[in-house]
Amino acid sequence: MAIMITDECINCGACEPECPNTAIYEGGVEWNWSGGTELSGKAKLIDGTEVDAEEMQEPVSDEFYYIVTGKCTECTGFHEEPQCAAVCPVDCCVDDPDNEETDGELMAKKEWMHKE
């Protein structure tokens with residue numbers, strides 16, 4: 001499953017630089033699919049939807065750091081455990097029960113974003 005940041009976040013920013021997929025953003029900051037990935041131009045998402053990878057998207061949260069579920073791989077293929085959770089001083093980077101994914105799905109997402 002993807003990781004989410006709860007509202008206990010103290011906005012310390014420790015998690016953001018640890019994410020190998022650039023899936024973590026400061027509250028209020030727009031994001032895009034191409035940031036931190038090899039996606040560019042017209043990209044077909046895992047669900048088949050086609051998007052402009054460079055187009056900026058609305059922030060998921062305006063109040064605290066957030067994780068873009070579609071870019072989160074729980075660090076699969078990079079690290080043994082999610083790095084955001086490992087460095088979070090208040091343990092607010094937790095499993096997202098609404099976005100359960102298998103190890104195979106997480107690896108496929110990683111390979112899709114990083115075109116190995």
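Colleague: How many cavities of 30 Å³ or more does the count give?

Modeller: The count comes to two cavities of 30 Å³ or more. The search runs on a 1 Å grid over the protein atoms alone, and a cavity is a set of points where a 1.4 Å probe fits but cannot get out. A pocket is instead an open set with protein on both sides within 12 Å along at least five of seven lines, and lining residues, for either kind, have an atom within 4 Å of a point. Grid points are joined across faces, edges and corners, and a volume is the space filled by probe spheres set on the points.

Colleague: What kind of model is this?

Modeller: This is a predicted model, in which local features need pLDDT of at least 70 and side-chain atom pairs count only at pLDDT 80 or more, while totals for chains, interfaces and linings use all residues. Residues are numbered from 1 along each chain as its sequence is written, and side-chain values use heavy atoms, with hydrogens and water left out.

Colleague: Back to the cavities, then. What is the volume of the largest cavity, and which residues lie nearest its centre?

Modeller: The largest cavity has a volume of about 90 Å³. Its lining has 13 residues, and Cys19, Pro20, Cys72, Cys75 and Cys84 are the ones nearest the centre. By class, eight of the lining residues are nonpolar, three polar and two charged. In this scheme Ala, Val, Leu, Ile, Met, Phe, Trp, Tyr, Cys and Pro count as nonpolar, Asp, Glu, Lys and Arg as charged, and the others, Gly among them, as polar.

Colleague: And which residues line the second largest cavity?

Modeller: The second largest cavity holds about 60 Å³ of space. Its lining consists of Cys9, Ile10, Asn11, Cys12, Gly13, Ala14, Cys15, Cys88, Pro89, Val90, Cys92 and Cys93. Ten of these residues are nonpolar, two are polar and none is charged.

Colleague: What about pockets: what is the volume of the largest one?

Modeller: The volume of the largest pocket is about 230 Å³. Among the residues lining this pocket are Trp33, Trp112, Asp47, Glu100 and Lys109. The lining divides into five nonpolar, one polar and five charged residues.

Colleague: Several cysteines have come up. How many disulfides does the structure hold?

Modeller: The structure holds zero disulfides. A disulfide is a covalent bond between the sulfur atoms of two cysteines. Here the criterion is a pair of cysteine sulfur atoms within 2.5 Å.

Colleague: Is cysteine 15 buried or exposed?

Modeller: Cysteine 15 is buried, with a relative accessible area of 8%. Buried means under 20% relative accessible area, exposed over 50%, and partly exposed in between, with a 1.4 Å probe and protein chains only. Cysteine 84 is also buried, at 7%.

Colleague: Which residues touch the most other members in the largest nonpolar core?

Modeller: The largest nonpolar core has 16 residues, and Ile5, Cys15, Ile24, Ile67, Cys84 and Cys93 touch the most other members. Such a core is a set of buried Ala, Val, Leu, Ile, Met, Phe, Trp, Tyr and Cys residues joined through side-chain atoms within 4.5 Å. Another core, of twelve residues, lies apart from it and includes Tyr25, Ala43, Leu45 and Val51.

Colleague: Which residues does isoleucine 24 touch?

Modeller: Leaving out residues up to four places away in sequence, isoleucine 24 touches Ile5, Cys15, Glu16, Cys19, Tyr65, Tyr66, Ile67 and Cys84. Contact means heavy atoms within 4.5 Å. Isoleucine 24 is in strand β2 and is buried, at 3% relative accessibility. Helices (H or I, at least four residues) and strands (E, at least two) are DSSP runs, numbered from the N terminus.

Colleague: A change of topic: where is asparagine 11 found, and what is its phi?

Modeller: Asparagine 11 is in the loop between β1 (3-5) and β2 (24-25). Its phi is near 60 degrees, a positive value in a residue other than glycine. Asparagine 11 is partly exposed, at 37% relative accessibility.

Colleague: And where is aspartate 91?

Modeller: Aspartate 91 is in the loop between α1 (83-87) and β6 (93-95). Its phi, near 55 degrees, is a positive value in a residue other than glycine, and aspartate 91 is exposed, with a relative accessible area of 59%.
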